Amino acid sequence: MSTAGGGGGDGDSWIGGGVASLEQWLRHHGVDPAQFGSGAAKTTQDLVTEVEQGETTLEVIKGSPRRNVRVLQLLVLDARGRMLIEASQEWEGGRMRERNQPLSEKLLGGEDWRQAAPRAVAEELGSALTAGYTLHLDESTLRCEVVERDSLSYPGLPSRYVMNSVEARIDNGFPCTEVSGDFEVGLETLNPKPCTLNPHLQISSPKPQTLNPEP
């Protein structure tokens with residue numbers, strides 16, 4: 001079990017060492033990793049990878065394990081104020097998870113949200129965008145908040161999310177700009193029809209009023 005002291009915690013953070021080591025650490029702190037990897041939950045290997053890539057840190061606070069994540073949510077709007085959302089997420093093996101949320105990306109280590117924004121667009125929308133697009137960020141709309149709750153991706157693991165939400169515009173990027181049919185209102189789906197540019201993307205109207213901390 002790989003641990004390290006310091007950082008303001010209880011001196012038992014997990015800093016790496018593979019799936020078996022992490023599962024031992026989780027059980028030691030009262031989290032059953034058997035819940036991972038089924039339904040909408042990610043696998044223990046996914047959590048190992050998050051730590052290795054600097055997306056997540058794991059520590060113990062007052063005797064309880066905690067996953068720390070910094071998240072960027074890009075509120076990509078069109079000229080009519082409609083928002084592009086990720087309708088669903090497909091994992092290896094064909095498992096699907098409903099999302100119905102703005103585009104989200106975990107920040108890496110000491111990465112600033114401004115650095116993460118173009119990376120998020122490239123990773124989440126790259127296959128749907130035409131070459132030569134321009135990303136515009138409206139920093140005046142930046143909203144930051146902290147959300148603490150059990151992780152949806154890792155059931156039973158308390159998590160702390162530092163959320164950075166900002167409005168954005170993408171010019172000269174989408175091969176289609178209009179979507180016929182009904183839209184999504186907030187986070188409630190009303191017979192949505194996906195945009196033809198990507199089956200996992202839709203347009204929402206109006207903007208969601210709540211932030212989902214689980215990218």
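The mean pLDDT of this predicted model, where pLDDT is the predictor's confidence in each residue from 0 to 100, is 77, and 69% of the residues of the protein reach 70 or more. Because the model is predicted, local features need pLDDT of at least 70 and side-chain atom pairs count only at pLDDT 80 or more, whereas totals for chains, interfaces and linings use all residues. Residues are numbered from 1 along each chain as its sequence is written, and side-chain values use heavy atoms, with hydrogens and water left out. Over residues 5-9 pLDDT stays under 50, and the model has seven contacts beyond four places in sequence for them, a contact being heavy atoms within 4.5 Å. Residues 176-210 also have pLDDT under 50 throughout, and for this stretch the model has 83 contacts beyond four places in sequence.

The protein holds three helices and nine strands, which are DSSP runs numbered from the N terminus, with helices being H or I of at least four residues and strands E of at least two. Read from the N terminus, the order of elements is β-β-α-α-β-β-β-β-α-β-β-β. Of the contacts with a separation of 6 or more, 61% come from residues 24 or more positions apart. Among the 215 residues, 45% count as buried, where buried means under 20% relative accessible area, exposed over 50% and partly exposed in between, with a 1.4 Å probe and protein chains only.

Helix α3 covers residues 113-125, and its 13 residues should span 18 Å at 1.5 Å a residue, which agrees with the 17 Å between its end C-alpha atoms; the expected span is 1.5 Å times one less than the number of residues. At the start of α3, a side-chain oxygen of aspartate 112 comes to within 2.9 Å of the backbone nitrogen of arginine 114. The buried residues of α3 include Trp113, Ala116, Val121 and Leu125.

In soluble globular proteins, nonpolar side chains tend to be buried together. The largest core here has 16 residues, of which Leu72, Leu74, Val76, Val121, Leu125 and Ile170 touch the most other members. At least two residues of this core are supplied by each of β4 (64-76), α3 and β8, and the largest share, six residues, comes from α3. Apart from this core lies another, of 13 residues, among them Trp14, Trp25, Leu58 and Tyr154. Returning to isoleucine 170, its contacts, leaving aside neighbours within four places in sequence, are Val76, Val121, Leu125, Leu129, Tyr133, Thr134 and Leu135.

Rings of Phe, Tyr and Trp (its six-membered ring) pair if their centres lie within 6.5 Å, with planes under 30 degrees apart counted as stacked, over 60 as edge-to-face and the rest as tilted. By this rule there is one aromatic pair. It is formed by phenylalanine 36 and tyrosine 154, is edge-to-face, and has 5.4 Å from centre to centre with 65° between the planes. The pair links distant parts of the chain, since phenylalanine 36 is in the loop between α1 (19-28) and α2 (44-52) and tyrosine 154 is in the loop between β7 (134-150) and β8 (158-171), 118 residues apart. Phenylalanine 36 counts as buried because its relative accessibility is 8%, and tyrosine 154 counts as buried at 0%.

Leucine 47 lies in helix α2 and is buried, with 0% relative accessibility. From C-alpha to C-alpha, leucine 47 and tyrosine 154 are 8.2 Å apart in space, while in sequence they are 107 residues apart.

Serine 159, in strand β8, is buried with a relative accessible area of 2%. Its side chain reaches the backbone oxygen of leucine 157 at 3.2 Å, a polar contact being a pair of N or O atoms within 3.5 Å in which, within protein, one must be able to donate a hydrogen and the other to accept it, and residues adjacent in sequence count only if both atoms are side-chain atoms.

Serine 64, in strand β4, counts as partly exposed at 31% relative accessibility. Lysine 62, in the loop between β3 (56-61) and β4, counts as exposed at 79%, and has a positive phi of about 50° although it is not a glycine.

Terms used. Core = buried A, V, L, I, M, F, W, Y, C linked by side-chain atoms within 4.5 Å.
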